[in-house]
Amino acid sequence: MSKTVLATGGAGYIGSHVVLALLNAGYRVVVFDNLSNSSPKAIERVARISNGAPVLVEGDVRDAGALDTLFENHKIDAVIHLAGLKAVGESVARPGLYYDVNVAGSSQLLNAMLRHGVSRMVFSSSATVYGETGGRPMDENTPTGPVNPYGKTKLMVEQILTDMTAASSGWRSVVLRYFNPVAAHGSGEIGEDPLGVPDNLFPFIAQVATGRRAQLDIFGNDYDTPDGTAIRDYIHVEDLARGHVMAIEHLFSGQAADNRTSVVNLGTGQGSSVREVHRAWEAACGFDIATRNAPRRAGDVAIICAEPGKAADLLGWRAKYDLARMCADHWRWQKRNPEGYR
Ligand code: NAD
Ligand code: WQD
């Protein structure tokens, strides 16, 4: 009998790719999502291109009653907890909302798992929990030091999960710290669909490429990097999704220990500057994409890059896709769906 994985936030950008990868690996999948930042169409498309159909349950992770009903109606073997809010700027403006959804919501979910005897969790965390390293690659022992409420919520949930895993019989968990997830599934059927003006580099360039925005503002060209623009470790969302399947497999294997939380970076270990990303996009599209130099964005640092060795050692995971593939796949999705799922 195949195992059933609950994916909270499974209708979202990363979640939809994780759900697809789980189905294709033979898992049954239940998605729990309040659709506050996603569309049920993502789930319909996943069903169309996968080996199976996910079950979508609409609900909020802060709602203990809805969680009890969910666990009563479905026999869940493990949870991948992706649901949450992720906009750094919004978290500064509305910290109460972020602590409520991300921290209180995660605590509700973990307590519901305890009530219903579900003892495996993979949690979506972020490289944003790390403090400044002056550009050195970040491994899992790099000291934490998030500087905005969003990053603080992620670190708090890691701590709650670690404590509950240590204290609860048979519990095992993995924290995945993502670097910069980008791109879309190679089918062009699912991808990132931001509401309003995109905050992030890839979705912004994608909208310039379709003509929806006039040009890309390059935030800062005087960083201490070879071309003066900031460097990030971009990771293809399909590589990221595969990492979740491997984390789930690890939790069910003899290698994972009870009462232990493993923290694992998911990044490529390869940094790219904003100018390199821009050039790779032009190559993927086959036409010029207008840019303009703009001041540095508040809160940005010069270089953020993963040391990804632990993911290889513990999970057997390595990123496969390079920057050219990331741009080609993101562009395919955007070209076919210029208005996203709308
Ligand atoms: P997303 O907004 O596309 O997906 C999040 C999903 O959670 C959405 O479908 C949304 O409707 C749902 N959701 C939000 N609040 C909810 C609630 N209270 N109850 C139930 N569902 C709720 O974002 P994403 O980019 O797919 O991110 C998924 C996870 O990965 C998030 O936890 C995010 O913090 C984390 N993460 C994202 C990035 C990134 O750059 N995209 C990087 C690191 C970590
Ligand atoms: C990348 C680079 C910008 C837009 C964010 C979150 C982080 C994590 C991943 C969730 C930077 C530059 C961007 C633009 C630009 N999310 N840029 N023009 O800031 O590294 O990380 O997403 O956990 O917490 O902070 O990603 O894509 O916004 O920016 O020049 O219009 O592109 O300055 O150097 P970031 P990003």
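A polar contact here is a pair of N or O atoms within 3.5 Å; within protein, one must be able to donate a hydrogen and the other to accept it, and residues adjacent in sequence count only if both atoms are side-chain atoms. With that in hand, the side chain of Lys154 has an N or O atom 2.8 Å from an oxygen atom of ligand 1.

This is a predicted model, in which local features need pLDDT of at least 70 and side-chain atom pairs count only at pLDDT 80 or more, while totals for chains, interfaces and linings use all residues. Residues are numbered from 1 along each chain as its sequence is written, chains are lettered from A and ligands numbered from 1 in the order in which they are written, and side-chain values use heavy atoms, with hydrogens and water left out.

**Ligand 1**

- Around ligand 1 there are 27 residues, and Ile14, Asp33, Asn37, Ser38 and Tyr150 come nearest; a residue counts as near if one of its heavy atoms lies within 4 Å.
- Ser38 places a side-chain N or O atom 2.7 Å from an oxygen atom of ligand 1, and a polar side-chain atom of Tyr150 is 2.7 Å from a ligand 1 oxygen atom.
- On its own, ligand 1 has 820 Å² of accessible area, and the protein covers 95% of that; such areas come from the Shrake-Rupley method with a 1.4 Å probe, and for residues only the protein chains shown count as cover.
- Helix H1 (13–24), strand S5 (120–126) and helix H6 (149–167) each give at least two residues to this shell, and S5 has the largest share, with three residues.
- Helices (H or I, at least four residues) and strands (E, at least two) are DSSP runs, numbered from the N terminus.
- By class, the shell around ligand 1 holds eleven nonpolar, eleven polar and five charged residues.
- In these classes, Ala, Val, Leu, Ile, Met, Phe, Trp, Tyr, Cys and Pro count as nonpolar, Asp, Glu, Lys and Arg as charged, and the others, Gly among them, as polar.

**Ligand 2**

- Ligand 2 is surrounded by 19 residues, the closest being Tyr150, Asp217, Arg232, Arg297 and Asp300.
- Taken alone, ligand 2 exposes 690 Å², of which the protein buries 87%.
- Helix H7 (201–209) and strand S8 (216–219) each supply at least two residues of this shell, with S8 giving the most, four residues.
- Ten nonpolar, four polar and five charged residues make up the shell around ligand 2.

**Pockets and cavities**

- Rolling a probe the size of a water molecule over the atoms shows where empty space is left.
- On a 1 Å grid over the protein atoms alone, a cavity is a set of points where a 1.4 Å probe fits but cannot get out, and a pocket is an open set with protein on both sides within 12 Å along at least five of seven lines; lining residues have an atom within 4 Å of a point.
- Grid points are joined across faces, edges and corners, and a volume is the space filled by probe spheres set on the points.
- The second largest pocket has a volume of about 170 Å³, and its lining includes Ser2, Thr4, Leu23 and His74.
- Strand S2 (residues 28–33) gives the most to that pocket lining, with three residues.
- Three cavities of 30 Å³ or more are counted.
- The largest cavity holds about 60 Å³ of space, and among the residues lining it are Glu192, Asp193, Trp333 and Arg342.
- The lining of the largest cavity divides into three nonpolar, four polar and five charged residues.
- The second largest cavity has a volume of about 40 Å³, and its lining includes Arg172, His250 and Arg260.
- Strand S6 (172–178), helix H8 (237–252) and strand S11 (260–266) each give two or more residues to the lining of the second largest cavity, and S6 has the largest share, with three residues.

**Salt bridges**

- The whole structure contains 17 salt bridges, each a side-chain nitrogen of Lys or Arg within 4 Å of a carboxyl oxygen of Asp or Glu.
- In one of them, Arg342 pairs with Asp193, and the closest N and O atoms are 2.7 Å apart.
- Arg342 lies in the segment after helix H11 (323–336) and Asp193 in the loop between strand S7 (180–182) and H7, so this pair ties together parts that are 149 residues apart in sequence.
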